[in-house]
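Dear colleague,

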Amino acid sequence: MTTKNIAKLLTLIFIGIVLVSCKQDDEEEGLAKVLLTFDPRYEDETIQLGDRFLEVHGYPVEITSMKFYISNIELLSGGTSFFLSDIEIINVDDNRVVLEFEVPSGSYSGVKFNLGVPTEMNGIEESNPDFMMSLFDANHPLNEDEGMYWNWNTGYRFFTCEGNCDTLDVGTNPLSMQFAFHSGTDTLYRQIPTFNHSISLNANQTKVIPFEIDLGTLFASSTDTIDLRHERAYHGHFNQLPLGLKIANNSAAALKIIE
Amino acid sequence: MVKISRIILLSCLLAILSFTACRKDSEDSSSDCSTLCEEISNTGTPYELEIPYFFSPPEIPQNNPLTVEGIELGRHLFWEKNLSRNNTVSCGSCHFPSASFSDNAPFSVGLNGDLTNRNSMPLVNMAWQNDFFWDGREPSLEEQLFDPVRNPIEMDLTWPEAEERIGNDPNYQEMFLAAFGTPCVDSVRITKAIAQFVRTMISGRSRFDRAYRYGELQLTQSELRGLELFLAEGGDPNIYPGGQSGGDCFHCHGGGLVQFTDFQFHNNGLDTVFSDLGRGGITGNWFEEGHFKTPTLRNIALTAPYMHDGRFATLHEVVEHYNSGGHPSPTLDPLMKFQGEGLGLSPQDVDDLVNFLESLSDDEFVNNPDFQDPH
């Protein structure tokens, strides 16, 4: 082999090594972004706060406030998972309905999270004696300024939904009755089944996984129906646990991926 | 050649825009446009807030860190009457210590004797607040501070005039040099300095705190009963599931017993017809009409009269308002669950609740020499 040919061969080998190294570097540095968005909807239409819709019994309803916590958020890939966050708040009132996460590029098969604040983070003295509000800075979802902390006895509100309705056909505008659902306590923490959703992310790519809060399901799921004629207030007390269970079950069932 | 001439034209346009660009203070009037000082980092001696152990860390803006010099400058400016057109009104005129840095009148009296349109809010633990004013129209303390100086009822001074007055004072020149690196004075530096000072005004050693958080003393039986009522649901348990015959206070005034506010906006049943739209006047949302910010209850006994229009002279009147159930309106907060029938609190319950609220007063805070008028 001539010197010239050896030089060419070495150059080719060198280029090859560089290309392989760069490819490996790209893969190692291959971060992507995934956005989880949350949209109140009724019959596939986006519902803004204050918009009117008819719930399952035909009663007009206007949602004026909605906030909730989701926790232990993961992206799933086959038998493994990538942990996204321990706790986040979705605050429809302030239009804070998008969660942004940086994840390794690759293919994923689903998303998993639970509804509410897990016991180890919920501010209940008996189960969490080290709990202190001072642990959470101004940007933390569990900070007092989110307005979701009840008191030392019952911890956080997990899911709040307030609004107006009219079950007596009074016909006023705005609607004549108010409702307020504030569910919480460890009993009403909901583990939600995995949301199956295939998503492939290349490096530097951003993709959205859109969720809806199905307002129809919120009031009437496959298992529970909330009757606004006499079920318009829940604030976490044991005496009203049957209503609390309906709210917890239905709010969990209302979270769906928009396909 | 064509590409180069386009670049030159764009550069010229950008240069023109940069000379004429004005900050927030020019939104009202083109004559209110300021020349801004250079922003210099790492000036002054860093100052670390002494925070009660049970408070969460406050949010301090990265572009306005606390310094010893900035805080002292801010204190001087807070009490500076030359920031009003006729040199009679300072921030401290409507936010004075004995009233927990609010005003003991329904509406404050401005520089010409006119009244403001809302009750002065107390300046307590502002480092933990957001959405400033009763209607939450300003997102930060720095932005809130632009308003009173140029408000024609309150201090009625344009920012260029304010900058000139302060900038011509040799004492202030020295203080601005120490705090910001140069003696230059502009509206941004003035509001930043006052914001630094206001952030140091921390109250966390009320009688209640000293008992509940520090174990230094014991609350009276009446105060303890009031605390119990504060944290209890309203409604007769024989009639209302979940009812605890309580005051329902914690729903809006915070069950965490830290800042005694949920930082949200509510219609608490003051009126059926609104003369003041409150939050709804800012957002344009009909369902927020008549909503006002939940104030802190810290030092509440010192801040009479109460509500956004100062309509209630005493805490007894406030508690009796909630005891009555409030007035109906389309945007009444769902937490006002007993409109039309009331909470059913007894006179003793009302007294106990008021006694508990009075235990939230912090004498150390209102008498702190670091917050007093240095002039």
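B:F55 is buried, at a relative accessible area of 3%, and B:W128 is likewise buried, at 7%, where buried means under 20% relative accessible area, exposed over 50% and partly exposed in between, with a 1.4 Å probe and protein chains only. This is a predicted model, in which local features need pLDDT of at least 70 and side-chain atom pairs count only at pLDDT 80 or more, while totals for chains, interfaces and linings use all residues. Residues are numbered from 1 along each chain as its sequence is written, chains are lettered from A and ligands numbered from 1 in the order in which they are written, and side-chain values use heavy atoms, without hydrogens and water.

Across all chains, the search of the whole structure gives 39 aromatic pairs, a pair being rings of Phe, Tyr and Trp (its six-membered ring) with centres within 6.5 Å, stacked if the planes are under 30 degrees apart, edge-to-face if over 60 and tilted otherwise. The rings of B:F55 and B:W128 are edge-to-face, because their centres are 5.0 Å apart and their planes stand at 85°.

B:F208 and B:F260 also form an edge-to-face pair, with centres 6.0 Å apart and planes at 80°. B:F208 is buried at 0% relative accessibility, and B:F260 is buried at 0% as well.

In chain A, ring pairs link A:F38, A:F68, A:F113, A:F159, A:F195 and A:F211 into a cluster.

Finally, the charged end of B:R137 sits over the ring of B:F133, 3.8 Å from its centre (NZ of Lys or CZ of Arg within 6 Å of the ring centre and within 35 degrees of the ring normal).

Best regards
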